[in-house]
Amino acid sequence: MTETAFGALLIILAGALARRQGIIARDDGPLLVRVVINLALPPLIFLILVRADLHASLLLVPVAGFALHFILLGIVTVSTRLWGMERPRAGALIVATAVGNTGFFGLPLIAASGSGFSLPAAVMYDSLCTGIITWTSTVAIADAYGRHDEAPRPSIAAGLMAFLRLPPNWALAAGLAVNLAGLDTPAIVERPFEILGAATLPLTMLYAGLMIEFRGLRRIWAEVSYVVVMRLGVATLLGVAIAEAFRFRDDVFNTVVIMAAMPTAMMSLVIGTRSGLRSDVLAGAVVVTTLLSTLTLPAWRAVLL
C-alpha cells in the first residue's frame with residue numbers, strides 16, 4: 001500500500017500542476033467524475049465480484065460501516081455544540097467527519113494495493129454502507145443544518161433514486177448475479193474491463209489535484225484540523241475496535257480498518273454546498289484529508305495491520 005499511496009500522492013500533485021500550467025482546467029473536473037462513475041468504476045466492481053469467493057460474513061461489513069458512521073455522528077455533534085458553532089459551520093464539520101471517501105479513493109486504492117485486503121469486502125462497505133449513508137444521512141444532516149433559503153436542495157427520496165441509477169450499483173448487481181450463477185466471464189470481456197477498471201485510481205487522483213485550493217485555509221485551520229484528527233485518526237481506531245467486535249479476521253479485518261481511515265468524501269462537498277453548509281470548511285476538509293491520507297494510510301497499515 002505504501003507504493004500505491006505514494007503514487008496516488010504524485011498523481012494528485014500532477015493534477016494540481018496540470019491545472020496551474022493550464023493543461024487541464026478546474027472546470028474539467030466534473031468530466032473526470034463522469035468518466036469514473038460511468039466507465040471506469042463499474043467494470044472494476046463487476047470483476048471484483050465475479051472473481052470473489054463470497055461468504056456470509058461479508059454481509060456484516062456494511063453493518064460495521066454504519067456503526068462507525070453513527071458513533072462519529074454522535075461525537076462530532078456533541079463537539080460542535082460544546083464549540084458553540086453556528087449551524088452551517090457545525091453541519092459542514094459533521095458531514096466532513098462522518099463519511100469517508102470509500103468509493104472514489106478507498107476501493108481503487110485497495111484494488112491497486114495487492115494482497116492483504118478483501119476486495120469484495122471493500123465493495124460491500126462502499127456500495128451498501130457509504131453509498132446509502134451519502135444519500136440518506138448526509139442529505140438529512142445537510143438539510144437540517146443548512147441555510148433555509150430558496151436554493152434547491154436534494155431530497156432523501158430523490159437522492160436514493162439517483163443512487164440506485166448509478167452504474168456502479170448496476171455493476172454490483174450484475175457481478176453478484178454472475179458469481180452466484182457460477183457463470184464464466186469470457187476473456188474478450190474481462191480484458192477491456194480490467195483496462196477500464198485500472199483507470200479508476202489515476203483519474204480520481206487527477207480530479208483531486210484539480211480541486212486542490214489552499215487559499216483561505218488559515219481562516220478555517222481549527223475546523224480542518226479537527227476533521228483531520230477525527231477522520232484520519234479517531235475513525236481509524238474506532239474501525240479497529242468495531243472490526244474486533246465483529247470478529248473480522250485477516251483480509252476482511254484489514255479492509256474494514258483501512259476503509260474507516262479514508263479521507264472526507266467528495267460527495268459531502270457537493271451535497272453540503274447545495275444545502276447551504278460552509279463550503280470553505282467542506283472543501284478544505286476534502287483537500288487536506290485527501291493529501292494527508294496518502295501518508296496516514298500506509299502508516300496505519302504498518303502500525304495496526
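Is Arg278 buried, partly exposed or exposed, and what is its relative accessible area? I began with this question in a model that is predicted. I found that Arg278 is partly exposed, with a relative accessible area of 21%. Since the buried class ends under 20%, I recorded the class with the value beside it.

**Entry 1: the partner of Arg278**

I next looked up a salt bridge of Arg278. Glu86 forms one with Arg278, and the closest N and O atoms of the pair are 3.4 Å apart. I then placed both residues in the chain. Glu86 lies in the loop between helix H3 (60-83) and helix H4 (87-98), while Arg278 lies in the loop between helix H14 (266-274) and helix H15 (279-304), so the pair ties together parts that are 192 residues apart in sequence.

**Entry 2: Glu86 and Arg89**

I stayed with Glu86 and noted a salt bridge with Arg89, in which the closest N and O atoms are 3.3 Å apart. I compared the accessibility of the two partners. Glu86 counts as partly exposed at 37% relative accessibility, whereas Arg89 counts as buried at 17%.

**Entry 3: a pair within one helix**

How far apart are the closest N and O atoms in the salt bridge of Arg191 with Glu194? I read a value of 2.7 Å for this pair. Both residues belong to helix H10 (residues 187-198), and because they are three residues apart there, about one helical turn separates them. Arg191 is partly exposed, with a relative accessible area of 48%. Glu194 also counts as partly exposed, at 28% relative accessibility.

For the structure as a whole, I noted seven salt bridges.

**Entry 4: Tyr145**

Finally, I turned to Tyr145, which I located in helix H7 (residues 137-145). Is Tyr145 buried or exposed? I found that Tyr145 is buried, with a relative accessible area of 13%; this follows because buried means under 20%.

I also listed its contacts, leaving aside neighbours within four places in sequence. Tyr145 is in contact with Thr77, Arg87, Pro88, Ala90, Gly91, Ile94 and Leu277. The C-alpha atoms of Tyr145 and Glu86 are separated by 8.9 Å, and the two residues are 59 residues apart along the chain.

How values were computed
Residues numbered from 1 in each chain as written. Predicted model: local features only at pLDDT ≥ 70, side-chain atom pairs only at ≥ 80, totals over all residues. Heavy atoms only, no water. Helix = DSSP H or I, 4+ residues; strand = E, 2+ residues; numbered from the N terminus. Buried < 20%, exposed > 50% of the residue type's maximum accessible area, 1.4 Å probe, protein only. Contact = heavy atoms within 4.5 Å. Salt bridge = Lys/Arg side-chain N within 4 Å of Asp/Glu carboxyl O.
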